[in-house]
Amino acid sequence: MNAETTTRTIRSIAARRTFLDGAFRPASLRIEDGRIREIAPFDEHADVVVDDAHVLLPGLVDTHVHLNEPGRTSWEGFATGTAAAAAGGVTTVVEMPLNSIPVTTTPAALAEKRRAAAGQLAVDLAYWGGAVPENLGALGALLDAGIVGVKCFLAPSGIDEFGHLDAAQLERALAELAERDGLLIAHAELEEHLGEASGRVFADFVASRPPAAEVEAVKLVIDAARRTGARAHIVHVSAAETLDLVRRAKADGVAITIETCPHYLALDAASVPDGQGRFKCCPPIRDRSHQDALWRGVLDGTVDAIVSDHSPATAELKLDPDLGTAWGGISGAQTGLIACWTEARRRGIPLERILPLFTTGPARLVRLTRGTIEPGAPAHLAVFDPDAVHTLVEGELEYRNKLSPWVGAELSGAVLHTYLHGERIFSRGEGLLARSGREVLPGGEQGRLAGTDAPLTGEER
Ligand SMILES: [Zn+2]
């Protein structure tokens with residue numbers, strides 16, 4: 001890799017293995033004003049020539065990230081969370097409407113969150129809003145304010161001010177969104193199927209949130225999406241049975257999509273130690289049969305995206321050995337690709353097969369021209385070494401709370417460099433080099449928020 005460690009802003013980059021149209025091909029990219037202008041034949045005189053052992057990827061897209069700012073910055077924050085994304089090769093994140101204070105359920109709350117983000121972003125950022133019982137009928141105003149879609153819960157969210165929707169409210173939200181071609185994403189678990197968990201035993205915690213809780217909730221969403229014609233998406237699918245339901249619904253033409261997460265694909269309940277809150281998330285990590293089914297869904301196209309559900313909390317809340325009271329949520333914004341690639345490789349699945357789920361899959365969900373190397377797209381890129389093997393250590397995590405289920409695990413692959421708008425913003429060994437991330441707002445909104453000096457740059461579409 002010539003010049004890679006000295007050049008910060010590049011006009012061209014060449015790689016023998018560039019991920020283009022689903023395969024690795026030799027190519028050179030010409031970059032102008034932060035965008036890819038041209039894809040040309042491999043040119044060894046490019047500003048940067050990627051080593052033949054490495055691959056050049058589009059920057060990854062992670063549409064499920066909780067940064068918890070403003071209000072719970074002791075849990076994460078825009079600065080640390082987006083730095084972690086950059087270190088994971090992720091160049092666009094979409095931030096969840098909880099667990100910030102306030103939750104993002106009104107245009108005013110969104111404006112407050114945007115002010116908090118200004119000047120802190122290491123990568124580009126878009127926003128989800130929230131659908132709660134109180135704002136039904138006013139979701140259009142939230143869409144107009146610049147979110148990519150709304151999230152709802154069908155069981156208690158864990159945050160009092162973010163209430164969950166019942167079946168009738170779910171249908172109302174979808175009907176409202178259908179008129180705008182808006183997107184609803186749903187945390188699919190139903191309270192009536194959830195049991196009480198307490199104690200250190202991981203299997204007990206898993207048993208308290210059975211597959212039926214997810215499956216029955218997914219049925220509600222599919223039925224309501226079918227009736228209203230709205231676009232609906234299920235976040236963090238964990239159960240084998242969900243995949244069959246979704247396969248059938250997709251075949252019927254229902255506008256339903258799903259995501260799963262690296263922790264469901266790369267960890268299984270039998271290997272999770274007891275009394276370790278860093279492995280607790282809802283729905284839970286299940287046994288190998290569910291993991292195998294999720295991989296089948298990844299390979300046959302039933303699963304549309306693999307995203308982190310990066311959901312950190314303080315060490316105090318997470319390290320409670322009682323799994324009933326430990327805070328649920330796994331930190332994974334930095335390790336998504338390497339955790340999945342480690343397991344994919346073990347299963348003999350080539351890198352090309354999983355990359356679309358980290359790039360074009362999530363980008364399509366939120367209708368952004370991201371996660372793709374094509375003329376006109378932002379020059380968001382990552383240089384990845386698929387053959388690197390290392391043991392993850394706490395010290396390399398950029399999270400505010402350096403907790404990860406993969407600390408101490410041997411992982412395959414390493415993100416060597418990350419480029420944002422043609423600028424190298426992260427290199428392994430050097431760390432984060434810039435905070436030049438921008439807001440991504442649907443509709444190309446551009447502007448400057450009152451009370452801040454930071455320009456807020458919009459996005460096409
Ligand atoms: Zn989440």
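Keep in mind that the model is predicted. Helix H7 covers residues 240-251, while Arg428 sits in a loop between two strands, S17 and S18.

**Helix H7: length and end**
- H7 has twelve residues, and at 1.5 Å a residue they should span 16 Å. The C-alpha atoms at its ends are 18 Å apart, which agrees.
- Gly253 follows H7, and its phi is positive, near 90°.

- On the buried list for H7 you'll find Thr242, Leu243, Leu245, Val246 and Ala249. They cover an arc of only 165° around the axis, so they lie on the same side of H7.
- What do the buried residues of H7 pack against? Their partners are helix H6 (211-228), strand S13 (256-260) and helix H9 (288-300).

**Arg428: a loop residue**
- The loop that holds Arg428 runs between strand S17 (423-427) and strand S18 (431-432).
- Is Arg428 buried, exposed or partly exposed? Its relative accessibility is 39%, so Arg428 counts as partly exposed; the cut-offs are under 20% for buried and over 50% for exposed.
- Leaving aside residues up to four places away in sequence, Arg428 touches His390, Glu396, Ala414, Val415 and Leu416.
- As for Thr106, 322 residues separate it from Arg428 in sequence, and the two are 39 Å apart in space, C-alpha to C-alpha.

Conventions:
Residues numbered from 1 in each chain as written. Predicted model: local features only at pLDDT ≥ 70, side-chain atom pairs only at ≥ 80, totals over all residues. Heavy atoms only, no water. Helix = DSSP H or I, 4+ residues; strand = E, 2+ residues; numbered from the N terminus. Expected span 1.5 Å × (residues − 1). Buried < 20%, exposed > 50% of the residue type's maximum accessible area, 1.4 Å probe, protein only. Arc of directions from axis to C-beta. Contact = heavy atoms within 4.5 Å.
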